[in-house]
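Subject: Handing over the structure

Hello,

Here is the structure I promised to pass on to you.

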Amino acid sequence: MQDSLNDNPFDEETWDLLPNFFEQLPNPVQIHLWGDPDSGQGEQEALRLIQALTDRFKQIDSTIFPRRANYPYYPVLGIFGLEKKEAIDYGVRLIGLPSGYQMTSLIAAIQAVSFQGTSMEAKTRILLQALEQDVQLELLTAANDEAGAVMAKTTFGLAVASPHIRTFLIMADVFPVISVRYSAAYLPHLVINGRSHIDGVLEEEELLNKIAAALH
């Protein structure tokens, strides 16, 4: 925390680097925060985080929604596109306050939505056009999981590039029950449609093959 930066949630080094990622975003994004800042520190910090980004970068907007009934994990950050002031849901979510290496994942999510998936390989985008079934990707990671940030970039890109894919990054160090639920002993751990499990990092083509196998 840096008091000199008006109680800014970013450390000074990260704050200085952010313009490299956000000042030239081609399309605006809107960060949706679901949570109650009065209920816990994680939700308070999430609010400070999105306000700091909104105040500094013209292409980033934000809005806050209350907690939803019967949902156990907060805060939830959704990264939406904006077109004529209308929010567009690309299915990109971060569950739990991103910290450590997962601040990189937040940057990757914002860039993926702003660039509308064009950072994916051309072959990947072509193959995704044939996808007709819905896919839910749950990426379990943690603040100290550098490889998780690599997988986050790929899975967020897939979600933006295909209307059939939704990606949920889950901070398993904040919510360890999710690791127990999926018997995840190693991070990053990816779950496809609640059934197929993958440990470690996969390239785009490898991940597409795993998704195709999970759908059959």
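Glu43 lies in helix 2 (helices, H or I of at least four residues, and strands, E of at least two, are DSSP runs numbered from the N terminus). Before going on, please note that this is a predicted model, in which local features need pLDDT of at least 70 and side-chain atom pairs count only at pLDDT 80 or more, while totals for chains, interfaces and linings use all residues. Residues are numbered from 1 along each chain as its sequence is written, and side-chain values use heavy atoms, with hydrogens and water left out.

Is Glu43 buried or exposed? With a relative accessibility of 4%, Glu43 counts as buried (buried means under 20% relative accessible area, exposed over 50%, and partly exposed in between, using a 1.4 Å probe and protein chains only). Glu43 forms a salt bridge with Arg67, with 2.7 Å between the closest N and O atoms (a salt bridge is a side-chain nitrogen of Lys or Arg within 4 Å of a carboxyl oxygen of Asp or Glu). This pair links distant parts of the chain, since Arg67 sits in the loop between strand 2 and strand 3, 24 residues apart from Glu43. Arg67 itself is partly exposed, at 41% relative accessible area.

Not counting residues up to four places away in sequence, Glu43 also touches Pro75, along with others including Leu33 and Tyr74 (contact means heavy atoms within 4.5 Å). Pro75 is in the loop between strand 2 and strand 3 (76-83) and, at 2% relative accessibility, counts as buried. The C-alpha atoms of Pro75 and Gly96 are separated by 5.0 Å, although the two are 21 residues apart along the chain.

**Other salt bridges**

Side chains of opposite charge can pair when their charged atoms come close. How many salt bridges does a search of the whole structure find? The search finds five. One of them joins Glu45 and Arg48, whose closest N and O atoms are 2.5 Å apart. These two are three residues apart in helix 2, so about one helical turn separates them, and both are buried.

Another joins Arg166 and Asp89, at 3.6 Å between the closest N and O atoms. Here, too, distant parts of the chain are linked: Arg166 is in strand 6 (residues 165-171) and Asp89 in strand 4 (residues 86-95), 77 residues apart. Arg166 is partly exposed at 32% relative accessibility, and Asp89 is partly exposed at 36%. Together with Arg93, they are linked in a network of salt bridges.

**A buried Glu without a salt bridge**

Glu138, in strand 5 (residues 135-141), is buried yet has no salt bridge. The nearest side chain of opposite charge is that of Arg181, 4.8 Å away (Lys and Arg count as positive, Asp and Glu as negative, and His and the chain ends are not counted). What Glu138 does have is a polar contact of 2.6 Å between its side chain and that of Tyr182 (a polar contact is a pair of N or O atoms within 3.5 Å; within protein, one must be able to donate a hydrogen and the other to accept it, and residues adjacent in sequence count only if both atoms are side-chain atoms).

**Two helices with a buried side**

In helix 1 (residues 12-22), the buried residues are Trp15, Leu18, Pro19 and Phe22. They cover an arc of only 95° around the axis, which puts them on the same side of helix 1 (the arc is that of the directions from the helix axis to the C-beta atoms). Glu13, Asp16 and Asn20 are exposed on the other side. Helix 2 (41-56), strand 2 (60-65) and helix 3 are among what covers the buried residues of helix 1.

Helix 7 (residues 204-214) has Glu204, Leu207, Leu208, Ile211 and Ala214 buried. Their arc is only 120° around the axis, which puts them on the same side of helix 7, while Asn209 and Ala213 are exposed on the other side.

**The cores**

The largest nonpolar core has 53 residues, and of these Leu53 and Ile110 touch the most other members (a nonpolar core is a set of buried Ala, Val, Leu, Ile, Met, Phe, Trp, Tyr and Cys residues joined through side-chain atoms within 4.5 Å). Helix 3 (residues 102-114) gives the most to this core, with seven residues. Apart from it lies another core of 15 residues, including Val76, Ile170, Ala184 and Val191.

Best wishes
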